[in-house]
Amino acid sequence: MAIERTLSIIKPDAVAKNVIGKIVSRFEAAGLKVAAAKLVHLSRGEAEQFYAVHKERPFFKDLVDFMISGPVFVQVLEGDNAIAKNRDLMGATDPKKAAAGTIRADFAESIDANAVHGSDAPETAAVEIAFFFPGQNVYAR
Ligand code: IDP
């Protein structure tokens, strides 16, 4: 298995519920290491840029409104197969369809307020990490 990096966002609903630590614990328990982290409150422009791939989708405005409704906790996770491992830990986009024991099954409210984001491929991980952590503030673990 390859050592990878992926971008994880703990979204405003989960930050507001005060479960940052519980969610990060799941990453650590699965062998992923936090290589960078910060709490940020995105501007509308930043959220629109981050989710630009979805700009033609009917849920785009709701998604952006939600992502700027409060601070988010952004991390780079590093480890074996980190991209797929993080997506497995997250569970399905719609928490009603997420497998028992996944982060979304346990912490998400709805398909809009679904607790976490995770990069879906190496190419998007590289772009998303550079978006939030340009320069030298990511640490090899
Ligand atoms: P993912 O976050 O599981 O990778 P994506 O398809 O990339 O899912 O969608 C990005 C985000 O957009 C989702 O996490 C969710 O918050 C929101 N979203 C996706 N599909 C819908 C929908 O049908 N209705 C409302 N929000 C949606």
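**Confidence and fold of the chain**

The mean pLDDT of this chain is 97, with 100% of its residues at 70 or more; pLDDT is the predictor's confidence in each residue, from 0 to 100. For the complex, the predictor gives an ipTM of 0.95 and a pTM of 0.97. The model is predicted, so local features need pLDDT of at least 70 and side-chain atom pairs count only at pLDDT 80 or more, while totals for chains, interfaces and linings use all residues. Residues are numbered from 1 along each chain as its sequence is written, and side-chain values use heavy atoms, leaving out hydrogens and water.

Let me turn to the sheet. Helices (H or I, at least four residues) and strands (E, at least two) are DSSP runs, numbered from the N terminus, and two strands pair if DSSP finds at least two bridges between them. Four strands form an open sheet in the order S2-S3-S1-S4, and their pairing is antiparallel. Strands S2 (33-40) and S4 (116-118) are at the edges with a single partner strand each, so one side of each has no neighbour in the sheet. From one strand to the next, the twist averages 20 degrees.

Which residue of S4 is the bridge partner of Ile10? That partner is Val116. Strand S1 (residues 3-10) pairs with S4 over three bridges in the antiparallel sense.

Finally, helix H7 (residues 122-132) lies across S1, S2, strand S3 (72-80) and S4, where contact means heavy atoms within 4.5 Å. H7 runs at about 55 degrees to S1; axes are lines fitted to C-alpha atoms, for helices over the stretch in contact, and angles run from 0 to 180 degrees between N-to-C directions.
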